[in-house]
Amino acid sequence: MAATRKRANPSKKPPATDAIKPINLALQGGGSHGAFTWGVLDRLLEDGRVSFDGICGTSAGAMNAVLVAHGLMHGGHDGARASLANFWERVGQLGAMLNPVAAMLGSNPLTHAGSDPLLATQQWAMESFTRTFSPYQFNPMNVNPLRDLLAACVDFEALHHCGEVKLFLCATNVRSGKVRVFDNTSMSVDAVMASACLPHLFQAVEIDGEHYWDGGYMGNPVLYPLFYETGTRDVVVIMVNQMHRDEVPTTPAAIEDRVNEISFNSSLMREMRAVEFVSRQLTEGWLKPEYARRMRHVLVHLIRADAFMGTLAAATKISTDMQFLTGLRDLGRASATQWLQDNHAALGKRSTIDLRREFLD
């Protein structure tokens, strides 16, 4: 994957107003793999033929969501692109501070899973360490450079009054096990860090007397706020976690990776089943008109790059190598370009995936 960033053509005329279609975005979490989502968003913003009504996000998806909202408030589409680029480039500059194990071992994050001994050693070392010590032991001061970086990149106070896009970030309440959704009015850097708080790496994030872990356990991401709080039917899910794998994992690391993938996709699958069920009721006329009017026929779309993303080891989710991040960005841009070419005309008219085949059968 090339690391060269594609720039917008300054002479390109903006699309006609009637060509701009509103969509909702659902952004999955996946650590550094969220750089793929960076690329997708960058290309959608550059293209200009879609606008964002609502964005739901978890973990890295939550970070991308607030970066887009911040940028839209301070410079429209170009501002959102600059906001994303600024954050991810600074993540790459932090490097060793965010991933000291990788810095010590020096593996190539673009190497495919299982083929790089250093990458396998890195993953083993990290898992062994975090199973022996909790973040309350190895990081008693709760230092997190990513929190400081995010606070420097986003004006969270301004997001409380953001009229450009509705935000919905998901976190898991540690004590109740229930989902907590933070919206624009409750947005904060702590809300984003709660959504990204993997419990074996970070101390639980306390907000208003409650403690939160990564939102992926309850929703990666949650979709229902988009149905109830926005007026847009189209939901575009940007996926970074594999739904299907051809091989059965046999090594401890591969088994653990697959268990995590299944766990973090389970809530999305449940919501998609509900969407499919309601859609079938509406299209096949199961409901009386007075009840049908209360339902929303949601149109679902996916942007993903399974062929490549499926080759990446779980250890790459904590990689901060800039070549890796920009490579994923460019893959995201290419995936979004193809998706726009194939599916933009369908927005507002129909889903562009078969929900039953993707999430039920």
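Does D208 count as buried or exposed, and at what relative accessibility? D208 comes out as exposed, with a relative accessibility of 71%. A few notes on the rest follow; keep in mind that this is a predicted model.

1. **Overall make-up.** The protein chain has 14 helices and 8 strands. Of its 361 residues, 51% are buried. If you take the contacts with a separation of 6 or more, 79% of them link residues 24 or more positions apart.

2. **Two non-glycine residues with positive phi.** D208 has a phi of about 55 degrees, positive even though this residue is not a glycine. You'll find D208 in the loop between β5 (205-207) and β6. S59 also isn't a glycine, and its phi is positive too, at about 55 degrees. S59 belongs to the loop between β2 (50-57) and α2. Burial is where to look next: S59 has 11% relative accessibility, so it counts as buried, whereas D208, at 71%, counts as exposed.

3. **A cis peptide.** The bond joining N220 and P221 is cis, with omega about -10 degrees. P221 itself is in the loop between β6 (210-214) and α9 (224-229).

4. **α1 against α2.** Helix α1 (residues 34-47) and α2 have axes that come within 9 Å and cross at roughly 20 degrees, so the two are roughly parallel. The crossing is right-handed. On the α1 side the contact uses G34, A35, T37, W38, L41, D42, L45 and E46, and these meet α2 residues including A60, N64, V68, L72 and W88. Sorted by class, this contact has 11 nonpolar, 4 polar and 3 charged residues.

5. **α2 against α6.** Helix α2 (residues 60-94) also packs with helix α6 (residues 145-153), this time at about 150 degrees and with the axes 9 Å apart. Angles over 145 degrees count as roughly antiparallel, so that is the label for α2 and α6. Here too α2 passes α6 in a right-handed crossing. From α2, the contact draws on M63, V66, L67, H70, N86, F87, R90, V91 and L94, while α6 brings P145, L146, L149, L150, A152 and C153.

6. In the model, the end C-alpha atoms of residues 29-34 are 6 Å apart, and the span is 17% helix and 0% strand.

How values were computed: Residues are numbered from 1 along each chain as its sequence is written. This is a predicted model: local features need pLDDT of at least 70, side-chain atom pairs count only at pLDDT 80 or more; totals for chains, interfaces and linings use all residues. Side-chain values use heavy atoms; hydrogens and water are left out. Helices (H or I, at least four residues) and strands (E, at least two) are DSSP runs, numbered from the N terminus. Axes are lines fitted to C-alpha atoms, for helices over the stretch in contact, and angles run from 0 to 180 degrees between N-to-C directions. Angles under 35 degrees count as roughly parallel, over 145 as roughly antiparallel, 65 to 115 as roughly perpendicular and the rest as oblique. A crossing is left-handed if the near helix is turned anticlockwise from the far one by less than a right angle, and right-handed if clockwise. Contact means heavy atoms within 4.5 Å. Buried means under 20% relative accessible area, exposed over 50%, partly exposed in between (1.4 Å probe, protein chains only). Ala, Val, Leu, Ile, Met, Phe, Trp, Tyr, Cys and Pro count as nonpolar, Asp, Glu, Lys and Arg as charged, and the others, Gly among them, as polar.
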